[in-house]
Amino acid sequence: MLKLIMSDVDGTLVPDGEDGIPSELFETIRTLKARGIVFAVCSGRSYHSLKVLFEPVVDDIIFCCENGGYVKCRDYVIREHRMNPKDVRALILESRGIDRIIPCLCTPDCMYIERGDAEAKRWFIEGYKMNAVFTDDLLKCPLDHVIKFAVLDRLGVRNNAKKRFNPAWWERMHIAESGFDWLDFTDRGVTKGRAVRDIQNFLDIKYEETMVFGDNHNDIPMMKEAKYSFAVANARDEVKAVSNYRTASNTEQGVLKVLRHVLKGNYSFDELD
């Protein structure tokens with residue numbers, strides 16, 4: 001019996017950096033809850049951004065934010081992984097030597113952003129709905145509250161930032177690509193897969209009772225923690241390679257197509273409506 005459904009947001013439910021969650025999904029989440037099935041969003045976004053996006057069902061779901069670094073249900077924090085302030089400081093200093101990136105510090109309450117231009121500011125506030133604080137010096141921010149260090153790279157992280165940061169970071173931390181232009185740093189072991197396990201352990205839910213949806217590099221750890229792991233049609237090939245099932249793209253409401261089958265009690269996903 002299915003007991004837990006977890007979905008990524010950007011690239012899976014909506015195009016990157018957009019909102020537009022269909023009202024049918026909110027209605028479906030309420031129906032799932034009434035049938036004893038928990039729905040959780042698992043995203044690289046902040047808690048504030050996700051809370052605004054899912055406001056109609058804010059008390060009906062679990063929020064897994066910052067790639068699993070912050071997991072919260074209503075007013076209860078299930079898990080919070082804070083980074084070492086020394087690592088945060090070193091990443092800030094190193095980022096200042098890399099052109100065309102915007103470094104960000106993600107805390108439970110807000111995102112601190114350095115070097116943000118006007119276009120980026122509109123995207124953070126109007127697109128991602130972040131509780132954003134723009135500053136000229138991230139070192140003045142509360143480094144001991146940071147859950148994730150992220151950079152927005154307009155050149156594309158594979159073309160720029162991923163090549164420019166010290167390779168030693170890949171041995172010390174978990175680093176994930178969140179779309180074309182985001183590179184996320186969290187403590188080693190902090191992943192979306194860890195967030196799935198945190199919720200499974202908290203609610204006593206098994207692998208075979210879990211369903212997940214994703215599209216990007218940072219969703220790969222999540223795919224390994226559920227029997228019903230779905231890659232949307234627009235997912236990266238690496239995600240498709242580790243998922244057990246496929247569904248339609250984010251613009252074709254692939255997640256909802258699967259959930260409609262679930263509500264019918266149909267667990268054969270060869271032909272999705």
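**Surface, cavity and loop**

Good morning. F202 counts as partly exposed because its relative accessibility is 45%, where partly exposed lies between buried, under 20% relative accessible area, and exposed, over 50% (1.4 Å probe, protein chains only). The model is predicted, so local features need pLDDT of at least 70 and side-chain atom pairs pLDDT 80 or more, while totals for chains, interfaces and linings use all residues. Residues are numbered from 1 along each chain as its sequence is written, and side-chain values use heavy atoms, without hydrogens and water.

F202 belongs to helix α7, residues 192-203 (a DSSP run of H or I, at least four residues; strands are E, at least two). Together with Y76 and L203, F202 makes a nonpolar surface patch of about 300 Å² (nonpolar side chains joined within 5 Å, each residue over 30% relative accessible area and without a salt bridge, that is, a Lys or Arg side-chain nitrogen within 4 Å of an Asp or Glu carboxyl oxygen).

The whole structure holds one cavity of 30 Å³ or more (points on a 1 Å grid where a 1.4 Å probe fits but cannot get out; lining residues have an atom within 4 Å of a point). The volume of the largest cavity is about 220 Å³, the space filled by probe spheres set on the points. Its lining has 23 residues, with D10, G44, R45, S178 and W182 nearest the centre. Strands β9 (148-153) and β11 (182-187) are the elements that give two or more residues to this lining.

Finally, G69 sits in the loop between β3 (61-65) and β4 (70-73). G69 counts as buried because its relative accessibility is 0%.

Key. Patches are made of residues with over 30% relative accessible area and no salt bridge: like charges are joined within 9 Å, nonpolar side chains (Val, Leu, Ile, Met, Phe, Trp, Tyr) within 5 Å. Accessible areas come from the Shrake-Rupley method with a 1.4 Å probe; for residues, only the protein chains shown count as cover. On a 1 Å grid over the protein atoms alone, a cavity is a set of points where a 1.4 Å probe fits but cannot get out, and a pocket is an open set with protein on both sides within 12 Å along at least five of seven lines; lining residues have an atom within 4 Å of a point.
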